[in-house]
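User: I'm new to reading protein structures and would like a close look at one part, with enough background to see how that part sits in the rest. Could you walk me through it in plain words?

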Amino acid sequence: MRPEQSVVRHSIVELADGTALAVQESGRADAPALLLLQGQANSHTWWTRLRERFADTHRTITFDYRGTGGTRAAEDKWSTSLFADDAREVLDASGVPRAFVYGTSMGGRVAQMLAIQSPGHVERLVLACTSPGGVVAVERSQEVRRELSQPDPRERTRALLRLMYTPDWFGHGRCSQLLGDPTMTSRAQALHLRVSARHDAADRLGEVAVPTLVMHGSDDLMAPVVNAQLIAERIRGAELVTTTAGRHGFFDEFAGDVSSTVRRFLRGRAGDV
C-alpha cells in the first residue's frame with residue numbers, strides 16, 4: 001500500500017435542510033468506490049483500522065451519521081431511511097454514481113434502505129451482523145439488554161466488549177474502535193437507539209436486485225445469527241457466510257479472513273467467498 005493510500009481526505013456535504021455531513025475518503029482516488037457504513041452511535045472512526053484493508057483496491061468513503069463526529073444536524077426525526085438518503089447525497093456529492101456498499105450492524109440496516117430506495121447507486125452489497133427489522137427480526141435477549149443498561153458506565157463498557165469480542169481477543173493490549181462516539185449528546189444517543197429499533201425492511205428485501213453477501217458471527221448475542229438467515233432468504237441469490245465463534249464485532253476481531261472474503265465478493269467472484 002502506497003503512503004498516500006492511507007491518508008484520509010475530509011470534506012463537508014451541505015444538505016437542503018441545513019445538515020452538514022462530514023465525509024472522509026481514503027484509498028485510490030481512481031479506484032471503484034466502496035461506501036462503508038458503521039454501527040449505531042458511532043462515527044467514521046469505527047472503520048479506522050479496517051478501511052486500510054481495502055485501500056489498494058478501492059476508494060473508501062465514510063461519513064459521520066447525524067449526531068456523530070463532525071456532522072452537524074438538528075436532533076429530530078431520524079431513521080434508517082433518512083440515513084440512507086444521506087448516504088446517497090454523499091455519493092452524489094463525491095461524484096460516485098454507483099458504489100459497492102459494506103454496512104455493519106446499524107450500518108447494515110442503512111445499507112438495506114439504500115439498496116431499496118436508491119438501487120441505481122449500489123453495485124454490490126455486503127451486510128454484516130445486522131437485522132431485517134420488523135416483526136420477523138429476532139431481538140437480543142432481556143439479559144443482554146440488562147447488561148447494556150447497567151448504571152455504571154465502566155460495567156456497560158465491559159459488557160459491550162464481551163458482546164463484541166471472544167475471550168481470545170482480550171489480553172493482547174488491543175483497543176476497540178466500536179464502542180460508540182463519546183462526543184454524542186444524550187438526545188442523539190436516544191435517537192440512534194430509536195433509528196435501529198424502528199428499522200423495518202423485511203417486506204422490502206425482495207426488492208434488492210444486486211449481488212449480496214450476508215455475513216454474521218455464529219455467537220452474536222447483540223443481533224442473533226438467525227437474522228442473517230432471514231435476510232439471506234429474502235434477497236434473491238444472496239450468499240450467507242457465518243464466522244464460527246464470532247460475536248457482534250467478528251468483522252473486526254477476524255478482520256483478516258472477513259475482509260478477504262469481502263474483497264473476493266466485491267471482485268465479483270460469485271460463490272468463491
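Analyst: Let's start with the contacts. Counting contacts in the protein with a separation of 6 or more, 74% are between residues 24 or more positions apart. Keep in mind that this is a predicted model, and everything below is computed from it.

Here's the wider setting. The protein is built from 8 helices and 8 strands. Its radius of gyration is 17 Å, close to the 19 Å that the globule rule gives for 273 residues, so the protein is as compact as a globular protein of that length. If you follow the C-alpha trace along its principal axes, the spans come to about 45 × 45 × 40 Å. Of the 273 residues, 52% count as buried.

Now for α2 itself, which covers residues 106–117. A quick check on its length: at 1.5 Å a residue, its 12 residues should span 16 Å, and the end C-alpha atoms are 17 Å apart, which agrees. This helix is mostly covered, with 11 of its 12 residues buried. The buried set includes Met106, Gly107, Gly108 and Arg109, and also Val110, Ala111, Gln112, Met113, Leu114, Ala115 and Ile116. So what surrounds them? The buried residues pack against three strands, namely β3 (33–37), β5 (99–104) and β6 (122–128), and against the helices α1 (80–93), α5 (186–197) and α6 (226–234).

Ser105 sits in the loop between β5 and α2. Its phi is positive, about 55 degrees, although Ser105 is not a glycine. Ser105 also counts as buried, because its relative accessibility is 9% and the cut-off is under 20%. Ala245 has a positive phi as well, near 75 degrees, and is likewise a residue other than glycine. Ala245 belongs to the loop between β8 (239–243) and α7 (250–253), and with a relative accessible area of 31% it is partly exposed.

In α5 you'll find Ala188, which is buried at 0% relative accessibility. Ala188 touches Gly67, Glu75 and Trp78, leaving aside residues up to four places away in sequence. Ala188 and Ala41 are 147 residues apart in sequence, yet their C-alpha atoms are 8.0 Å apart in space.

In α1, you can pick out Asp92, which is partly exposed, with a relative accessible area of 42%. Ser94 lies in the loop between α1 and β5. At 14% relative accessibility, Ser94 counts as buried, and it touches Glu25, Arg59 and Ile61, again not counting residues up to four places away in sequence.

To come back to your main request: α2 is mostly covered, and its buried residues pack against strands and helices, among them β5 and α5.

Notes:
Residues numbered from 1 in each chain as written. Predicted model: local features only at pLDDT ≥ 70, side-chain atom pairs only at ≥ 80, totals over all residues. Heavy atoms only, no water. Helix = DSSP H or I, 4+ residues; strand = E, 2+ residues; numbered from the N terminus. Rg over C-alpha atoms; globule rule 2.2 N^0.38 Å. Buried < 20%, exposed > 50% of the residue type's maximum accessible area, 1.4 Å probe, protein only. Contact = heavy atoms within 4.5 Å. Expected span 1.5 Å × (residues − 1).
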